Amino acid sequence: MEIKPPVPIIPAPIWRNIKDLQEWEQLHQKRPEGDKHSVAFESITEGIHSFPGGFVVTTGVDAFLNWARKSSVWPVTFGLACCAIEMMATFASRFDVERLGMVPWASPRHSDLMVVSGTVTIKMAPMLERIYAQMPDPKWAVSMGSCANSGGPFRHGYHVVKGVDRVIPVDVYVPGCPPPPESLLNGLLLLQDQIAQFRRTGKRAAPNPKVD
Amino acid sequence: MTHEQAKTLIGERFGGAQIEGATLLTVTVPAADWRPFASFAKDELGCRFFSFSTAVDWKEQGLEVVAKVDNVDTGLSILMKTKLGPGVSECHSLVPVFRGADWMERECYDMFGIRFDGHPDLRRILLGDDWVGHPLLKSYAVDTPHPPYR
């Protein structure tokens with residue numbers, strides 16, 4: 001079994017100054033689309049597939065990994081506007097997303113989920129894109145509220161991005177202005193349902209929520 | 001200093017000024033008297049507090065620059081205005097008189113494109129440096145395509 005090197009080869013993250021960090025980030029952004037599993041895992045999967053009946057094992061492994069993924073979705077604490085207040089309420093003890101395995105984490109490098117909570121301005125969009133790029137794969141994004149979905153009441157403003165899906169790919173859209181914590185919780189459950197059907201092909205599974 | 005005294009002083013010194021209002025004095029001066037009136041208000045009327053500065057786009061009548069200065073000791077407030085005239089976007093800066101006018105006039109430049117003569121550092125403050133146009137002008141098309149996110 002041949003272990004393929006990553007494409008392109010990403011140097012070890014030794015940052016002496018900010019320029020090194022920027023270079024490292026650029027290399028990470030150049031990674032081909034669909035690089036969701038590690039290279040070693042990909043090789044093992046291919047190896048197992050060549051055995052008779054091996055796909056049963058890989059399906060099991062995938063299901064297990066997806067169960068692990070959906071049970072520990074860590075959202076990055078990234079609030080933009082008034083929706084962030086509802087997001088904080090959802091993360092706090094009354095609604096308690098920690099029972100779903102979600103720990104609001106203050107670092108994009110350890111997070112799997114970005115809840116875009118609020119109006120994305122044109123000036124903020126590059127920073128948002130950068131934070132999203134800093135998150136490790138596999139990663140998901142939830143667009144929360146009318147502003148992040150489509151620009152909302154500020155759609156005709158000169159400074160507003162008309163929907164955050166013009167900046168980053170979005171998995172779940174939560175409507176509302178702002179959405180109450182119940183709505184966001186519903187969206188997060190939907191996302192977990194999507195993650196449970198996650199495949200390395202990169203195709204989005206059709207949501208079939210049991211929560212609605 | 002009472003409002004009546006201030007009115008008389010302004011009338012004596014600036015003949016071209018229109019004075020309105022009872023509690024908040026609204027003084028409209030010609031564009032050439034903009035900075036002299038500001039230093040007069042600061043030194044002789046005691047309005048040392050620069051409250052804000054902004055502009056109004058009156059379409060074909062041109063732009064109007066507005067600033068409010070306060071005398072915090074006597075409660076005298078002066079709203080100073082000047083009409084720049086149609087098609088004109090140059091105005092004297094108030095930064096040599098009030099240092100607090102710096103960012104206000106930068107915002108005014110950002111939103112209305114008024115070039116303040118004598119401003120030390122006139123560049124955009126709220127929008128990005130690569131922004132095209134001045135969005136609070138009435139002639140600014142709202143749905144102007146602006147790369148890369150629109």
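Asn71(B) is found in strand β4 of chain B, in a predicted model in which local features need pLDDT of at least 70, side-chain atom pairs count only at pLDDT 80 or more, and totals for chains, interfaces and linings use all residues. Residues are numbered from 1 along each chain as its sequence is written, chains are lettered from A and ligands numbered from 1 in the order in which they are written, and side-chain values use heavy atoms, with hydrogens and water left out.

Asn71(B) counts as buried, at 6% relative accessibility (buried is under 20% relative accessible area, exposed over 50%, partly exposed in between, with a 1.4 Å probe and protein chains only). Its side chain reaches the backbone oxygen of Gly46(B) at 3.5 Å. Not counting residues up to four places away in sequence, Asn71(B) touches Leu45(B), Gly46(B), Cys47(B) and Leu76(B) (contact means heavy atoms within 4.5 Å).

Strand β4(B) belongs to an open sheet of 5 strands with mixed pairing, in the order β1-β2-β5-β4-β3. Strands are DSSP runs of E with at least two residues, helices runs of H or I with at least four, both numbered from the N terminus; two strands pair if DSSP finds at least two bridges between them. At the edges of the chain B sheet stand β1 (18-20) and β3 (49-57), each with a single partner strand, so one side of each has no neighbour in the sheet. Strands β4 (residues 63-71) and β5 (residues 76-85) of chain B run antiparallel and are joined by 9 bridges, with Lys83(B) in β5(B) as the bridge partner of Glu64(B).

In chain A, an open sheet of 4 strands has parallel pairing and the order β1-β2-β3-β4. Strands β2 (residues 113-117) and β3 (residues 140-144) of chain A pair over 5 bridges, and Leu113(A) has Trp140(A) as its bridge partner in β3(A).

Angles in the table run from 0 to 180 degrees between N-to-C directions, with axes fitted to C-alpha atoms, for helices over the stretch in contact.

| α2(B) | β2, β4 and β5 of chain B | about 175° with β5(B) |

The axes of α4 (residues 83-91) and α7 (residues 181-196) of chain A come within 9 Å and cross at roughly 70°.

Notes
Polar contact = N/O pair within 3.5 Å; in protein donor to acceptor, adjacent residues only side chain to side chain.
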